[in-house]
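Thank you all for coming.

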Amino acid sequence: MIRPDRVHGSLYTDPAIFAEELRKIWYRTWVFVGHESEVSQPNDYVRKKLGLQDVIMTRDRDGEIHLLLNRCSHRGNQVCADAKGNSSTFRCPYHGWTFRNTGELVGFPFFKGYGTRKLDLPLGRVPRVDSYGGFVFGSFATEGPTLREHLGAAAGEIDRLLRLSPEGKVALDAGWLRHRTRANWKLLVENETDGYHPQFVHGGIFGVTGSTIGPLYSDSSTAVTRDLGGGHSENDLRPEFRKFAEPLRWFGTTESRVPDYVAAMRARYGAEADQILIEGSPHVMIFPNLFIAEIQVFNIQPVAVNECVQYSTAVQLVGAPELNRRMVSQCIGSVGPAGMLLADDTEMYERNQQGLEALTPEWLDIRRGLNREHVDDHGFTVGGPTDETGMRAFWSEYRRLMEAE
């Protein structure tokens with residue numbers, strides 16, 4: 001069903017395949033869950049999703065982050081109803097069992113019915129939790145590659161994002177917008193790697209706003225699409241920005257409009273600051289569900305074979321209040337409830353899903369750019385800015401995981 005130049009339509013519509021994806025991808029590999037800045041203080045917590053699992057991301061009093069399953073170990077009731085908060089314990093509303101924010105059961109009423117004051121019945125936990133650059137990932141597999149091994153070359157793209165902060169840190173604490181889409185999750189992943197659609201799907205808004213984004217995705221652009229390995233890929237726009245050599249062109253502004261930010265960057269990075277400010281933020285899809293799109297971050301989570309939720313938030317660069325205000329504004333304008341770009345994309349996701357119900361043709365074509373791909377000096381496969389190199393990268397890793405026992 002997965003070939004170098006095409007994939008079978010049933011991969012997006014078959015409930016049995018969706019169930020297998022949950023088992024072999026979402027509940028086995030490393031999956032992005034949230035960011036450390038969302039639980040910045042001891043005993044902070046926030047509810048998240050990992051596949052279909054309702055997860056509580058907590059920070060205990062010692063600063064360690066946990067991913068707990070939101071299910072009482074007694075009778076299965078959810079122990080946490082609030083979206084976020086601060087508490088050292090969670091109390092099940094059904095029978096009053098109480099758990100620490102590490103998952104440990106600390107008490108239960110009417111203990112004589114059990115003949116003991118202590119039971120070894122903690123909350124379920126995601127077995128492995130790790131973070132990189134503040135981005136928190138979880139894996140239900142007790143063994144396997146480390147998070148750093150999973151990220152591979154994609155870790156360098158997170159590093160690029162961190163370097164845009166005068167303090168080398170980002171926060172994702174501006175609040176997450178929740179977009180429910182009647183489409184298979186893989187259609188969203190493919191779209192985030194696709195440089196072929198912007199000129200057509202977003203042409204109207206580009207024309208009205210005078211945006212310079214459109215020309216970045218054309219046959220005359222010097223930008224590239226790069227397979228980073230492990231299912232990760234990037235739309236590397238740096239060649240275009242280097243041509244102009246204008247700091248902050250990638251953000252659509254100039255040094256004079258954010259002087260404090262530029263001064264702080266030069267104080268931190270010295271001679272390297274200009275290059276960082278010219279090259280800008282990454283546009284990277286990290287398998288299977290984390291998309292960093294320059295000024296915003298997306299967290300894609302499945303709901304059903306034909307439904308998913310895309311969470312989005314503005315990147316906040318620690319130590320850059322001037323830029324952060326603009327990032328929130330631009331994020332709302334592009335992917336907010338009335339945002340232009342996400343409205344366009346969502347229309348395409350759902351039309352794709354509806355079209356896939358047609359009986360023929362059976363296959364979706366992903367051959368664009370196969371004839372002109374090359375391997376760069378670092379061993380990465382590289383295509384043009386409108387080529388489907390990123391999609392092929394995703395499907396290669398998808399196939400590897402789905403064929404594994």
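Let me begin with a term: a residue is called buried under 20% relative accessible area, exposed over 50%, and partly exposed in between, using a 1.4 Å probe and protein chains only. What you see is a predicted model, in which local features need pLDDT of at least 70 and side-chain atom pairs count only at pLDDT 80 or more, while totals for chains, interfaces and linings use all residues. Residues are numbered from 1 along each chain as its sequence is written, and side-chain values use heavy atoms, with hydrogens and water left out.

Cysteine 72 is buried, at a relative accessible area of 2%, and cysteine 308 is buried as well, at 0%. If a disulfide is taken as a pair of cysteine sulfur atoms within 2.5 Å, a search of the whole structure finds 0 of them.

Now to the cores, where a nonpolar core means a set of buried Ala, Val, Leu, Ile, Met, Phe, Trp, Tyr and Cys residues joined through side-chain atoms within 4.5 Å. The largest one has 48 residues, and those with the most contacts inside it are Leu11, Trp185, Trp395 and Tyr398. Its largest share, 6 residues, comes from helix H12, residues 389-403; helices here are DSSP runs of H or I with at least four residues, and strands are runs of E with at least two, numbered from the N terminus. Apart from this core lies another, of 44 residues, among them Trp30, Ala154, Met265 and Ile278.

Staying with H12, we find that 11 of its 15 residues are buried, including Phe394, Trp395 and Tyr398. Counting contact as heavy atoms within 4.5 Å, and leaving aside residues up to four places away in sequence, tyrosine 398 touches Ile2, Leu11, Ile17, Glu21, Ile25, Trp185, Lys186 and Phe287.

Finally, there is an open sheet of 3 strands in the order E1-E2-E22, with antiparallel pairing, where two strands pair if DSSP finds at least two bridges between them. Its edge strands are E1 (2-3) and E22 (363-365), and isoleucine 2 stands opposite valine 7 in E2.
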